[in-house]
Amino acid sequence: MHRERDDQRQRRARRGAPARARQAKAPVDPHPLFVAATASYAANCALGTAVATGRLHTGRAHWVHHALYICTSALAAAAATSLLWSRSRAGWALLPAAIPLIAIPSVSARTRGHVGIALSAAPFFVGALVASARGRRHAPKQKNKRKR
């Protein structure tokens, strides 16, 4: 009888453990999202500055700056949602950057206001990146308990 139970357990183990017995997945680290959002923001600022000062001529490729803006906004939104699915609180530092990101399309690119609004988001991106890196450093390390 014990041998039959052992055989059943072994067969179950080969098929996969039942849902309740499965180990919890390791938490997802949101830090790469904060790095990507900050890098996209920096690239967008660099491109905008280069075009505004005449160092770079995009010609008909104005869409590159717009694509970077959309990428920056999407990555910032994804990083801010880390408040919902991770233990990281760096999203709180990034949330205020939504205000300039929302306001920037309504200001002409040929004005100083466009530059001022764009740069007003910088402290929030940098602060969120630093907070994310600190949270990552202080997070408890997960031990792999599975025997091989």
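1. Serine 86 is placed in the loop between helix H4 (82–85) and helix H5 (91–94); helices here are DSSP runs (H or I, at least four residues), strands are E runs of at least two, and both are numbered from the N terminus. The model is a predicted one, in which local features need pLDDT of at least 70 and side-chain atom pairs count only at pLDDT 80 or more, while totals for chains, interfaces and linings use all residues. Residues are numbered from 1 along each chain as its sequence is written, and side-chain values use heavy atoms, with hydrogens and water left out.

2. With a relative accessible area of 12%, serine 86 is buried (buried means under 20% relative accessible area, exposed over 50%, partly exposed in between; 1.4 Å probe, protein chains only). Not counting residues up to four places away in sequence, serine 86 touches Val28 and Pro30, where contact means heavy atoms within 4.5 Å.

3. The side chain of serine 86 has a polar atom 2.8 Å from the backbone oxygen of serine 82. A polar atom of that side chain also lies 3.2 Å from the backbone nitrogen of serine 88. (A polar contact is a pair of N or O atoms within 3.5 Å; within protein, one must be able to donate a hydrogen and the other to accept it, and residues adjacent in sequence count only if both atoms are side-chain atoms.)

4. The axes of helix H2 (residues 31–53) and helix H3 (residues 63–80) come within 8 Å and cross at roughly 155°. Axes are lines fitted to C-alpha atoms, for helices over the stretch in contact, and angles run from 0 to 180 degrees between N-to-C directions. H2 and H3 are therefore roughly antiparallel (angles over 145 degrees). The residues making this contact include Leu33, Phe34 and Leu47 of H2 and Val64, Leu68 and Leu75 of H3. The contact residues divide into 15 nonpolar, 5 polar and no charged; Ala, Val, Leu, Ile, Met, Phe, Trp, Tyr, Cys and Pro count as nonpolar, Asp, Glu, Lys and Arg as charged, and the others, Gly among them, as polar.

5. Phenylalanine 124 lies in helix H8 (residues 122–138) and counts as partly exposed, at 29% relative accessibility. Its C-alpha atom is separated by 5.9 Å from that of alanine 93, 31 residues apart along the chain. Not counting residues up to four places away in sequence, phenylalanine 124 touches Ala93, Leu94, Pro96 and Ala97.

6. Overall, the protein has 8 helices and 0 strands. Of its 148 residues, 20% count as buried. Among contacts between residues at least 6 apart in sequence, 69% join residues at least 24 apart.

Note on methods
Angles under 35 degrees count as roughly parallel, over 145 as roughly antiparallel, 65 to 115 as roughly perpendicular and the rest as oblique.
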